[in-house]
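Have a look at the picture first, and then we'll go through it piece by piece.

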Amino acid sequence: MTSSAGPFRIGLLGHGTVGAALAELLPQRAAQIEHVTGLRPEIVGVLTRSRGDFEQILAASDLVVELIGGIEPARDYVIRAMRAGKHVVTANKQLLAQHGEELWAIARECGVQLRFEAAVAGVVPVIRVLQESLAAAHVERIHGIVNGTSNFILSEMARTGAAYADVLKEAQRLGYAEADPSEDVNGKDAAAKMAILARLAFDTPVHLDQVVCEGIERIGPDDLEYARDLGLGLKLIGTAERVDGGISVRVHPAFLYARHPLASIDGPFNAVTVESEAITEITMSGPGAGGPQTASAVLGDVISAMIPPASTPETSVRLEVVADVVSAFYLHMEVADTPGVLSRITGVLGEHGISVKSVVQKGLGDNARLVMVVHPVLESRFFAAVERIATLTELRTPPRAIRVIEEEFS
Ligand SMILES: NC(=O)C1=CN([C@@H]2O[C@H](COP(=O)(O)OP(=O)(O)OC[C@H]3O[C@@H](n4cnc5c(N)ncnc54)[C@H](OP(=O)(O)O)[C@@H]3O)[C@@H](O)[C@H]2O)C=CC1
Ligand SMILES: N[C@@H](CC=O)C(=O)O
């Protein structure tokens, strides 16, 4: 859609870490959103403890975004907004884990949308994936790192040896922690998120009180040292799974083997692994906390609420689709075990401006192979070199090339 049908009015409840970030982000994206939806979103009123009037904001809004947190008055405002026929977007996991059934029933009754992508795992789109993409997957188990603050604390303590209290303060400064940070470290925030995930995955009501929960407060430097010595990661893990015809939902610290998909998730990042027989396993990860990141997920929900029921892709810019990119490669060659083979091959690579990062000879005689990794190079240039290498008489079979992704993560 490209023609404008007027403003889409948003009432913003809460102007803290996430609310203020949303108020900053929305004007930056308004033109693009208008292009897609035909409506220009604008914030028509902001409510905090010291400013704004809820009734006035409600009357002026098409949609209400709740970013106050906690149960009351957030619950009351969300209910009043839905009863007034307004869509609601919220990032409030405690509200949903404790009053979700009541709120979803009211949303259904009033024919409005209640969206909550940012309530679980920040910007990781796990809610949408469970509700839409995996709706038919019959999920068996979900494992997740769903609290950014505790993950930040554990990984910073392990990385720098910093004291627990200092890292927690830093997490608060960076806007990761809840207004009451004890919820981050005692597991209650993660428990609320796992209750929501379990509710969606298993299609059954799950209340926060039903989640078995242990936090990270008792983890000490010794535990982290032990994990490091054994090459294990120590994480606060949430699990929701089918067990004996029922379900179990729990949050507790756990050691993970280095190859576990959640072991490498560090800092304020979250990750969720969903397992089912149909899909085997998928893992989604990304920033789980922080104002701008969470605001981005909230805005995604706002846009979804503006486009009922689904959008089709529309062109807003025309970018060139590039075929030739720079990549690093692994190159496997079965070669004759004779003097000068290596220099002939590196000679061809050199002529094409390709630099070798590592080279290993494997096997001898009829089994001799050269395995190389080359530094990133324009793919067309690399393939031209490979074509040339394939013609060398020393090659017993055509060379095999595989791209190497060697991005470094901090
Ligand atoms: N921070 C994060 O990284 C993430 C947060 N969330 C969730 O988003 C929500 C907001 O979090 P966050 O922005 O960090 O919270 P903050 O504590 O930073 O901000 C809360 C805002 O709500 C306002 N507020 C509090 N009580 C009332 C009240 N009684 N009436 C009106 N306004 C009130 C505050 O007003 P005042 O300015 O006057 O204090 C403040 O503007 C929470 O549900 C949180 O769990 C979800 C994902 C990530
Ligand atoms: N305090 C929460 C914020 C996002 O939900 C966290 O650290 O994960």
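## Starting with one residue

In which strand does Phe 8 lie? The answer is strand S1, which covers residues 7-13. Keep in mind as you read on that this is a predicted model.

Is Phe 8 buried or exposed? Count the other C-beta atoms within 10 Å of its own and you get 22. The cut-off for being buried is 20 or more, so Phe 8 is buried.

Who are its partners, once you skip the neighbours within four places in sequence? Phe 8 is in contact with Leu 39, Arg 40, Pro 41, Asp 62 and Met 306. There's also Glu 42, which sits 34 residues from Phe 8 along the chain, yet the C-alpha atoms of the two are separated by 6.2 Å.

## Zooming out to the chain

Now for the whole thing. The chain has 410 residues, and 39% of them count as buried. Along the way you'll find 13 helices and 15 strands. If you boxed up the C-alpha atoms along the principal axes, you'd need roughly 85 × 60 × 45 Å.

Take the contacts with a separation of 6 or more: 71% of them are between residues 24 or more positions apart.

Next, find helix H4 (residues 93-110) and helix H9 (residues 188-202). Their axes are 8 Å apart and the angle is about 55°, which makes H4 oblique to H9. The crossing of H4 past H9 is left-handed.

On the H4 side, the contact is made by Lys 93, Gln 94, Leu 96, Ala 97 and Gly 100. H9 brings Asp 189, Ala 192, Lys 193, Ala 195, Ile 196 and Arg 199. Sort the residues of this contact by class and you get 5 nonpolar, 2 polar and 4 charged.

## Around the ligands

Ligand 1 has 26 residues around it, and those that come nearest are Gly 14, Gly 16, Thr 48, Arg 49 and Gly 69. Which helix gives the most to this shell? That's H1 (residues 17-37), with 3 residues. By class, the shell around ligand 1 holds 10 nonpolar, 13 polar and 3 charged residues.

Definitions and conventions. Residues are numbered from 1 along each chain as its sequence is written. Chains are lettered from A and ligands numbered from 1 in the order in which they are written. This is a predicted model: local features need pLDDT of at least 70, side-chain atom pairs count only at pLDDT 80 or more; totals for chains, interfaces and linings use all residues. Helices (H or I, at least four residues) and strands (E, at least two) are DSSP runs, numbered from the N terminus. A residue is buried if 20 or more other C-beta atoms lie within 10 Å of its own, exposed if 12 or fewer, and partly exposed in between; C-beta atoms are placed from the backbone. Two residues are in contact if their C-beta atoms, placed from the backbone, lie within 7 Å. Axes are lines fitted to C-alpha atoms, for helices over the stretch in contact, and angles run from 0 to 180 degrees between N-to-C directions. Angles under 35 degrees count as roughly parallel, over 145 as roughly antiparallel, 65 to 115 as roughly perpendicular and the rest as oblique. A crossing is left-handed if the near helix is turned anticlockwise from the far one by less than a right angle, and right-handed if clockwise. Ala, Val, Leu, Ile, Met, Phe, Trp, Tyr, Cys and Pro count as nonpolar, Asp, Glu, Lys and Arg as charged, and the others, Gly among them, as polar. A residue is near a molecule or strand if its C-beta atom, placed from the backbone, lies within 6 Å of it.
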